[in-house]
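Work through the exercises below with the structure in view. Try each task before reading its solution.

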Amino acid sequence: VQLQASGGGLVQAGGSLRLSCAASGSVFSIRTMGWYRQAPGKERELVAVITSAGSRKYADSVKGRFTISRDNAKNTVDLDLHSLKPEGTAVYYCILSDLEYDYWGQGTQVTVSS
């Protein structure tokens, strides 16, 4: 399974971005897809995940500002980021979890300027 993430960039505080991730390869029995992020000097943390049934989980720090969505037919997951804050600066990683493994994308940089 390969994950290709896109959509990162530089944005001013208060701005918006959309991150997209597409899975390819032998994709079967996906449980969840989602996004984590890792800021410089910090551990990787969950941002948002979504199950095949559409249940969503968000980090408290992004609730009400970020929205995760997925297309089960296309094996894609998107993350809409709104009202971005400088503390949102990080590398954002796409993740796909099936019955056995977690697969990670290469990461896309999001930089929020103040």
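This is a predicted model: local features need pLDDT of at least 70, side-chain atom pairs count only at pLDDT 80 or more; totals for chains, interfaces and linings use all residues.

**Exercise 1: Two hairpins**

Find the hairpin of β4 and β5, then the hairpin of β5 and β6. Which residue in each turn has a positive phi?

Solution. 
- Step 1. Start with β4 and β5. They run antiparallel and share six bridges. R37 stands opposite E45 in β5.
- Step 2. Inspect the turn. Six residues lie between β4 and β5, and G41 has a positive phi of about 75°.
- Step 3. Move on to β6, which covers residues 56-58 and runs antiparallel to β5, with three bridges between them. I50 has R56 in β6 as its bridge partner.
- Step 4. Four residues lie between β5 and β6, and G54 has a positive phi of about 100°.

**Exercise 2: The nonpolar core**

Identify the residues that touch the most other members of the largest nonpolar core. Which strands each supply at least two residues of this core?

Solution. 
- Step 1. The largest nonpolar core has 30 residues; W35, V47, F66, I68, V77, L79 and Y92 touch the most other members.
- Step 2. β1, β3, β4, β5, β7, β8, β9 and β11 each supply at least two of its residues. Of these, β9 spans 90-97 and β11 spans 108-113.
- Step 3. Take F66 as an example. Leaving out residues up to four places away in sequence, F66 touches R37, V47, Y58, L79, D80, L81, H82, L84 and Y92.

**Exercise 3: Aromatic pairs**

How many aromatic pairs does the model contain? Classify the pair Y36 and W104, then the pair Y101 and Y103.

Solution. 
- Step 1. The count is three aromatic pairs.
- Step 2. Take Y36 and W104. Their ring centres are 5.2 Å apart and their planes stand at 75°, so this pair is edge-to-face. The cut-off for that class is over 60 degrees.
- Step 3. Take Y101 and Y103. Their centres lie 6.1 Å apart with planes at 65°, so this pair is edge-to-face.
- Step 4. Y36 is partly exposed, at a relative accessible area of 22%. W104 is partly exposed at 36%, and Y101 is partly exposed at 48%.

**Exercise 4: A cluster and a charge**

Which residues do ring pairs link into a cluster? Over which ring faces does R44 lie?

Solution. 
- Step 1. Follow the ring pairs. They link Y36, Y93 and W104 into a cluster.
- Step 2. Locate R44. R44 lies over the face of Y93, 3.7 Å from the ring centre.
- Step 3. Look at the other ring. R44 also lies over the face of W104, at 4.6 Å from the ring centre.

Technical notes
Residues are numbered from 1 along each chain as its sequence is written. Side-chain values use heavy atoms; hydrogens and water are left out. A nonpolar core is a set of buried Ala, Val, Leu, Ile, Met, Phe, Trp, Tyr and Cys residues joined through side-chain atoms within 4.5 Å. Buried means under 20% relative accessible area, exposed over 50%, partly exposed in between (1.4 Å probe, protein chains only). Contact means heavy atoms within 4.5 Å. Two strands pair if DSSP finds at least two bridges between them. Rings of Phe, Tyr and Trp (its six-membered ring) pair if their centres lie within 6.5 Å; planes under 30 degrees apart count as stacked, over 60 as edge-to-face and the rest as tilted. A charge sits over a ring if NZ of Lys or CZ of Arg is within 6 Å of the ring centre and within 35 degrees of the ring normal.
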